[in-house]
Amino acid sequence: MLKFARVTVNATAKEPIWSYKVMEKQTDSSTYLHYNHTDSCKDSRWTARECYEFMYDKRPWQKVHNFYLNLVNGRLPIQSLFGTERYSAEDASVQFAAKSLETCEEGVELEDGKNKNKKGRWARATYKIVLSYHGDSFDGWQKQPGLNAVQSVVERSIGSFIDEFKAQKLKDKSLPLEACVAVAGRTDKGVTALNQVCSFFTWRNDIKTQDVEDAINSASPGKLRVVSASKVSRDFHPNFSAKWRRYFYIFPIIDLENEGIGSGKNDENSSSKEKHSDLKNGCLNVEEKDECLAVDAQNGVECRNKPRSFSVKRVNELLLQLEGKSLSYRMFARDIKASRSTGPPTECFIYHARATEARLPSIEEVYGNDDRGQKVMCVELIGNRFLRRMVRVLVATTIREAAAGADDEALLNLMEATCRRATAPPAPPDGLCLLDVGYEEFNPENTLIQ
C-alpha cells in the first residue's frame with residue numbers, strides 16, 4: 001500500500017517545479033523510489049539508475065587512473081592535458097607544483113621578542129607537508145581500522161619525530177608510535193591528490209625537513225610522494241588557514257559519444273539556438289504528469305527517447321551560473337550530519353567553475369609520439385569550501401541536466417529542492433583529484449580552464 005506526502009517547490013510563484021512523493025517501504029525489495037521531477041524535462045532526464053549506468057558502464061576509467069599515476073610520480077604535468085608543447089622530465093615534476101606552492105607558503109616563525117628563547121608551548125615546531133598520492137592505491141585519507149588510508153601511512157612514517165613525552169604516553173598505552181596529522185581536506189577512496197596539505201607538530205628541535213620527506217617517500221614508493229616539506233608558523237592550520245581549494249574532474253568519453261560532443265554538430269543535446277528552437281525553456285515540451293515512479297530493479301524504467309550523450313559546451317554553460325555566488329549546496333552533499341544539513345554550514349562560494357574537452361596524454365605522446373589519447377571532459381571547480389561528495393554529485397548532475405536539455409538555471413533551481421534524490425548519484429571517485437589548496441586570496445588568472 002502506498003502513502004503519499006507532497007512537497008512542492010515554487011520557484012516562479014506561478015507553478016511548481018518539482019514534486020516529491022514518499023513511498024512506504026515495500027516487502028518486494030525490487031521496487032524502489034525515484035524523485036519525480038515535474039518540469040518539462042522530466043521525460044528526458046535520466047533516473048538515478050540510468051545516471052549510475054551512464055557514469056560507470058564500459059567507461060575507460062583505467063586510462064584516467066594511469067594518467068593520475070603519472071601526475072603523482074611527476075612524469076607528466078597537469079597542463080599536458082591542454083597543450084601540445086613537449087615537457088622535460090624535470091619540468092613535468094615541478095612546473096605546476098612550484099606555481100601553486102610559491103603563493104601559499106607560510107612564513108617561518110620569527111625568533112624575536114618572547115620567541116627568542118623558546119620554552120614550553122612556544123618551543124613547539126609545526127611542519128607543513130604537501131603530498132601527492134594516487135587515489136586508486138589507497139582507501140581514502142582518513143585512517144580506519146583494517147584499511148590502507150593515506151593518513152595511517154603518513155602518521156606511521158613520521159612517528160619517530162614525535163617528542164619523548166608523547167612517545168612515552170603511547171608506549172604506556174601499548175599504542176603504535178604515530179604522529180597526529182591535520183589535513184586541508186579529507187578525500188574519499190579512489191580520489192587522487194596532487195598538492196594535499198597536511199601538518200604535524202612536535203617539541204623536538206632536531207628534525208630536518210629532508211628527514212620528514214625521506215620517511216614518507218619510503219613508505220609507499222610510486223603511490224605517495226612528498227612535494228615539499230617546510231617548517232612554518234605554529235599558528236598555521238592546513239584546513240582553517242586555507243582560503244580556497246581547487247578540484248579537478250576528468251570524465252572519459254566513450255567512442256559512441258565522440259561524434260559531435262561539445263561541437264554542436266550531430267549532437268542531439270547541442271546547446272545551439274537552432275537545436276532548441278522547438279523546445280520550451282531549453283527542455284523537451286512534454287505533458288507533465290503527477291505520479292510517483294516505482295521502478296523494477298531487474299527490468300528498469302521504460303526509457304522513451306532518452307539521450308545517451310551530452311554537450312561539453314552545455315556543461316560549461318550550466319557551471320558558469322554558479323560562479324561568484326554564495327549558495328547552499330545541501331542538495332548536492334551526501335553523508336553529512338543532520339546538524340550541518342541546513343543553514344550556513346552548507347553554504348559555499350564558488351570562484352571558478354568551468355568545463356572543456358581534452359585528451360589524456362601519454363608519456364610517449366609528450367616525448368614526440370603523435371598518437372592521440374583518450375578523449376575526456378575536464379571540469380575545474382575552485383571554491384572556499386566543499387561539502388562531502390559535493391564535487392562528484394555536482395559533476396554527475398550537470399552532465400544529466402546537459403543531456404536532458406535543461407535551461408541555464410537548472411542547477412540553481414535544484415538548490416531549492418526538498419530531497420537529495422533531486423540530484424544525481426555521485427560520479428565515480430576515479431575521475432576526481434584535489435589539485436591544490438590556496439592560502440592567499442584567489443587569483444582568477446591562476447586557473448587551468450579559462
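Predicted model: local features only at pLDDT ≥ 70, side-chain atom pairs only at ≥ 80, totals over all residues.
**Entry 1: Phe332**

I skipped its neighbours within four places in sequence and listed what Phe332 is in contact with. I got Arg388, Arg389, Met390, Val393, Leu394 and Thr397, then Leu411, Leu414, Met415 and Thr423.

**Entry 2: the cores**

Next I wanted to know which residues have the most contacts inside the largest nonpolar core. Phe332 turned up again, along with Leu81, Leu131, Phe248, Ile250, Tyr329 and Met377. I noted that this core has 101 residues. Helix α10, residues 390-404, gives the most to this core, with 9 residues.

Where does this core lie relative to domain 1 and domain 2? I wrote down the bounds: domain 1 is 48-61 + 248-253 + 307-438, and domain 2 is 125-233. Both of them give residues to the core, so it lies between them.

I also found a second, separate core, with 8 residues. Ala184, Val197, Phe236 and Val437 are among them.

**Entry 3: helix α1**

Then I went to helix α1, which covers residues 48-56. Which residues are buried there? My list has Glu50, Cys51, Phe54 and Met55. They cover an arc of only 130 degrees around the axis, so I put them on the same side of α1.

I checked what comes after the helix, too. α1 is followed by Lys58, and the phi of Lys58 is positive, near 55 degrees.

**Entry 4: the largest pocket**

I looked up the largest pocket and got a volume of about 1,000 Å³. How many residues line the largest pocket? I have 36 in my notes, and Gly185, Arg186, Thr187, Phe386 and Arg388 lie nearest its centre. Arg388 was already on my contact list for Phe332.

I sorted the lining by element as well. β5 (182-183), β8 (244-252) and α10 are the elements that give two or more residues to it. The largest share, 3 residues, comes from α10.

**Entry 5: Thr356**

Last stop was Thr356, which I found in strand β11, residues 347-359.

Thr356 and Cys378 are 22 residues apart in sequence, and they sit 5.4 Å apart in space, C-alpha to C-alpha.

How values were computed
Residues numbered from 1 in each chain as written. Heavy atoms only, no water. Core = buried A, V, L, I, M, F, W, Y, C linked by side-chain atoms within 4.5 Å. Buried < 20%, exposed > 50% of the residue type's maximum accessible area, 1.4 Å probe, protein only. Helix = DSSP H or I, 4+ residues; strand = E, 2+ residues; numbered from the N terminus. Domains from an automatic or database assignment. Contact = heavy atoms within 4.5 Å. Arc of directions from axis to C-beta. 1 Å grid on protein atoms, 1.4 Å probe; cavity = no way out; pocket = protein on both sides within 12 Å on 5 of 7 lines; lining within 4 Å. Points joined across faces, edges and corners; volume = space filled by probe spheres on them.
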